[in-house]
Amino acid sequence: MSLSEFNQKDYEIIARDYADLKEAARKRCANEKELAMVQKAFDFANEAHKGVRRRSGEPYILHPIAVAKIVVGNIGLGYKSICAALLHDVVEDTNYTVEDLQNLFGEKIASLVDGLTKIKTVLDNEDKATKKSLQAENFKRILLTLNDDIRVVLIKLADRLHNCRTIEFMPEHKRDKILSETMFIFIPLAHRLGLYEVKSEMEDIWLRFKEPEAFNEITAKINRNINDKDKEIESFIAPIRNELEHAGFRFEIKKRVKSPYSIWKKMMTKGITFEQVYDLYAVRIIFDPTVDTTENERAQCYHIFSIITGIYKFKEDRVRDWVKHPKNNGYEALHCTLMSNTGIWIEVQIRTRRMDDIAEKGIAAHWAYKREGVAGESESQMDKWIQKVQEILVNPDVNALELLDLVHNDLITSDIFVFTPKGEQKSIQKGATALDFAYSIHTHIGHKAIAAKVNYKLVPLSYVLRTGDQVEIITAEDERPKREWLDFVKTRKAKNLISDYLKTERNESTKIGKRILEEQLKNLDLTLDTKYIHRLMNHYGIYEGTPDQLYFRIGAGIIKLNNLRELLKQPKKSKPNFLSWLLKRDAKSDLVINDVSDMEHNFVIADCCKPIMGDSVVGFMETDGTVTVHKKTCPVANSLAAKYGDKIVMPKWKVSQDHAFPIRLSITGVDRIGLLSDIVRYISLVMSINMRRILLESKDGIFEGNIDMYVHDRDALEKMIQKLKRIEGVKSVMRTEL
Ligand code: MN
């Protein structure tokens, strides 16, 4: 921020922006008095920020105006929130106090501004790099304001969205902080509160700055694709329009293209290319139901569904009924995927006007409909969540980091629906296995589970459930929980129940084992002595830990003390300690990167995202000075950045040809004779790059597969990708998760 006289042009821009806002606000204001309050708030803020500019050089007041525009336009809040948005930086940045605002604008508006100022102070404090990890605390503080008035969080989201829109004017280190904070705190919040527009725009900005190349490539492809495919989509829509009109529906049809971020996310998590993202397009049917009751809305959604599936073939496993069972963020719609006459899959979303408003604007729209008495089941879902968060927060002992993980997990995981053998519908966390399902029904059923039948087919307990599955758990009375189960269960509930059982069982076995050993020693006229215990531990390969581990194995029958006499007579042999050897070997790696200040650190490449030289990376310093290096886009890194902002270092790659990094390319194209040998020749001979593994599959003349190799840096990788793309028949080549 800087001070300077405003010129004529500045005043013109301010007047123009405010006129836009006023136009939007007019629709939300119930009367002239409310609109006059908005005017008063603007006049006051305009005067307070007069002569002040943002980093971008524009007058500061444009920021509060923009925030107020988001508040009314994207979130749909009313005049008090619009006023608070206009005034949100006044207390923080000027000499006015909350009391002043109270006198001028009343209790409510002043308290909203007060809440916003508090959040801002909390977030900014972290810059001073105090000793504690503050972002988790910040998150807690932000959530605490939910207790006072949820509008504070909503206006804060608008403020953050505008800061993201103008992030290019920030210095790089601040940019990173804002982006990771956005990804970790604000996007999940926006998602949870159902603010689709806000969330989606934040995600796209995040991608644009974290992975500019990917962002540009995807956007270019989207644009090219839209031009190519627009006619096809239109001819897909035409018969739908006809039939719906014929049936007497009042509706509009919108075409939607997946956002760059969600395309990128899908490519990354599924390891596929842009061309393989099949649900690129969505067509949205928004209709005005004839009578505004929930039951009727639903019936009409199904009616439309039956009409359009009469025209086109649909994918049976892609029908999603969020009308009957709204998502936990309040989302309602009926989704299905249809095959166009030209052979592309197109997702069709069927919604009423009310559902569409809630889907785009979230909680505020939901309240508006609630007041009018036409809200669906979603209200209880959203209200329930807010209540749950409030309950957790009431407890003053709650650890901020734990809370963060808890709420965060709850925020990002969505539910799927499965059926019991009797046809009862149950919701369960996405990614949950058959065993999770067993535990969700009853602890006893989980403990005794041996397998499951999904859609009448026998599957292992580790089977990952999908929406619509009918699940039957098969139990056996003599079955009991196993340690391996912990490797695949997904829900917190199942994890806790299994570990609790194992712990109790372990204690039991440990007690029995100790007793057995004591008895056996007694038979040899010996007592339970440390000397013997250590000798036995060594013999059975227990190099670390306590004697309890020995007792446990004896008690569980893993160790049979058949030759105890000989064993204790033998002189002890020392064995290598494999565990500590392994740990030592992995602790360091001789990487060739330095941090900006050229400090000497041990650098370790993070296993989760495996960055290579040239990738934009971020480092986290461990307590021993070791720095773990992640890709900037790595979700693990984002969560670390949000939790331990003060441990971030910005590593720089040093040019070196000595180190090679493993990467994976996914490659697709049209098969032909000699293609494989051409690819191999290019990689190993032309580029002299070390190949680790190549796996190509060919089907109906199309091939796809992966190639693993070592490369020195990103430049070499780019060059190679370009070369491979030029080989005849090769359609796409891209780096994917290893
Ligand atoms: Mn602001």
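Predicted model: local features only at pLDDT ≥ 70, side-chain atom pairs only at ≥ 80, totals over all residues.
Residues are numbered from 1 along each chain as its sequence is written, and side-chain values use heavy atoms, with hydrogens and water left out.

The protein chain contains 29 helices and 22 strands. Helices (H or I, at least four residues) and strands (E, at least two) are DSSP runs numbered from the N terminus. Of its 738 residues, 47% count as buried; buried means under 20% relative accessible area, exposed means over 50%, and partly exposed lies in between, with a 1.4 Å probe and protein chains only. The accessible surface of the protein chain amounts to about 37200 Å², and carbon and sulfur atoms contribute 50% of it. Such areas come from the Shrake-Rupley method with a 1.4 Å probe, and for residues only the protein chains shown count as cover. Among contacts in the protein chain with a separation of 6 or more, 66% are between residues 24 or more positions apart. Contact here means heavy atoms within 4.5 Å.

The metal site comes next. Which residues supply the protein donors of the manganese ion? They are His63 through NE2, His88 through NE2 and Asp159 through OD, lying 2.2 to 2.3 Å from the ion. Donors are N, O and S atoms within 2.8 Å of the metal (3.2 Å for Na, K and Ca), and sites may look incomplete because water is not among the atoms. Along the sequence, the donor residues of the manganese ion follow the spacing H-x24-H-x70-D. The pair of histidines links distant parts of the chain: His63 belongs to helix 3 (residues 62-73), and His88, 25 residues apart from it, lies in the loop between helix 4 (79-87) and helix 5 (90-93). Both His63 and His88 are buried.

Another histidine, His49, is found in the loop between helix 2 (32-48) and strand 2 (52-53). His49 counts as buried because its relative accessibility is 3%. Apart from neighbours within four places in sequence, His49 is in contact with Phe6, Tyr60, Ile61, Pro64, Asp89, Val90, Asp93 and Thr94. One of these, Tyr60, has its place in the loop between strand 2 and helix 3. With a relative accessible area of 6%, Tyr60 is therefore buried. Although Tyr60 and His49 are 11 residues apart along the chain, their C-alpha atoms are separated by 6.3 Å. The side chain of Tyr60 is also joined to that of Asp93 by a polar contact of 3.4 Å. A polar contact is a pair of N or O atoms within 3.5 Å; within protein, one must be able to donate a hydrogen and the other to accept it, and residues adjacent in sequence count only if both atoms are side-chain atoms.

Asp17 is located in helix 1 (residues 8-28). At 14% relative accessibility, Asp17 counts as buried. Its side chain makes a polar contact of 3.2 Å with the side chain of Arg16. Leaving aside neighbours within four places in sequence, Asp17 is in contact with Leu62, Ile65 and Lys69.

How does strand 4 run relative to strand 3 (residues 251-257), and how many bridges join them? The two strands run antiparallel and are joined by 7 bridges, with Phe251 opposite Phe287. Strand 7 (residues 345-352) runs parallel to strand 4 and is joined to it by 6 bridges; here Ile285 stands opposite Ile350. Two strands pair if DSSP finds at least two bridges between them.

Two loop residues conclude the account. Most residues other than glycine have a negative phi. Tyr456, which is not a glycine, has a positive phi near 70 degrees, and lies in the loop between strand 10 (449-454) and strand 11 (457-459). Tyr456 is exposed because its relative accessible area is 67%. Asp525 likewise has a positive phi, of about 65 degrees, although it is not a glycine. Its place is in the loop between helix 22 (492-523) and helix 23 (530-539). With a relative accessible area of 72%, Asp525 is exposed.
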